[in-house]
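Subject: Structure handover

Hello,

Here is the structure you were waiting for. My notes on what was found in it follow below.

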Amino acid sequence: HWSRLFETAIRLAEQGYRVTGEWAEDTENAAKIFNNHGKKYFLKKDGSFYRAGEVFKQPQLARLLREIRNRRTAGFYSGM
């Protein structure tokens, strides 16, 4: 079923998950090539990095995924 495809991704984006040491290190290394847009999504609002054990959430992604889920493929392909 279409809407079930989004359940886990929406939940993780909304509720977040604990950052692992590997994730924190990879993000810090990748930040060298992030543009401002990438930094906006993967760094804290103050521009600092998430550390192992902290919770990383993406509420904007959750909203986008809900919109795609609700509008089905038309929303995805039409650019909403």
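Leaving out residues up to four places away in sequence, T27 touches F34, F42 and F49. Please keep in mind that this is a predicted model. T27 belongs to helix 2, residues 21-30. T27 counts as buried because its relative accessibility is 10%, under the 20% cut-off. The T27 side chain also reaches the backbone oxygen of W23, at 2.9 Å.

Helix 2

W23, A24 and T27 are the buried residues of helix 2. These residues cover an arc of only 100 degrees around the axis, so they lie on the same side of helix 2. The exposed residues E22 and E25 are carried on the face turned away from that buried side. As for partners, the buried residues of helix 2 pack against strand 1, helix 3 (36-42) and strand 2.

In soluble globular proteins, nonpolar side chains tend to be buried together.

Aromatic rings

The count of aromatic pairs comes to seven. One of them is Y17 with F56: the ring centres are 5.8 Å apart and the planes are at 70 degrees, so the pair is edge-to-face, the cut-off for that class being over 60 degrees. Y17 lies in strand 1 (residues 17-18) and F56 in strand 2 (residues 55-56), so this pair ties together parts that are 39 residues apart in sequence. Are the two partners buried or exposed? Y17 is partly exposed, at a relative accessible area of 32%, whereas F56 is buried, at 2% relative accessibility.

A second pair is F34 with F42, where the centres are 5.7 Å apart and the planes are at 25 degrees, so the pair is stacked; stacked requires planes under 30 degrees apart. F42 is partly exposed, with a relative accessible area of 32%.

Y17, W23, F34, F42, Y50 and F56 form one aromatic cluster.

Regards

Notes. Residues numbered from 1 in each chain as written. Predicted model: local features only at pLDDT ≥ 70, side-chain atom pairs only at ≥ 80, totals over all residues. Heavy atoms only, no water. Phe/Tyr/Trp six-rings, centres within 6.5 Å; stacked < 30°, edge-to-face > 60°. Helix = DSSP H or I, 4+ residues; strand = E, 2+ residues; numbered from the N terminus. Buried < 20%, exposed > 50% of the residue type's maximum accessible area, 1.4 Å probe, protein only. Polar contact = N/O pair within 3.5 Å; in protein donor to acceptor, adjacent residues only side chain to side chain. Contact = heavy atoms within 4.5 Å. Arc of directions from axis to C-beta.
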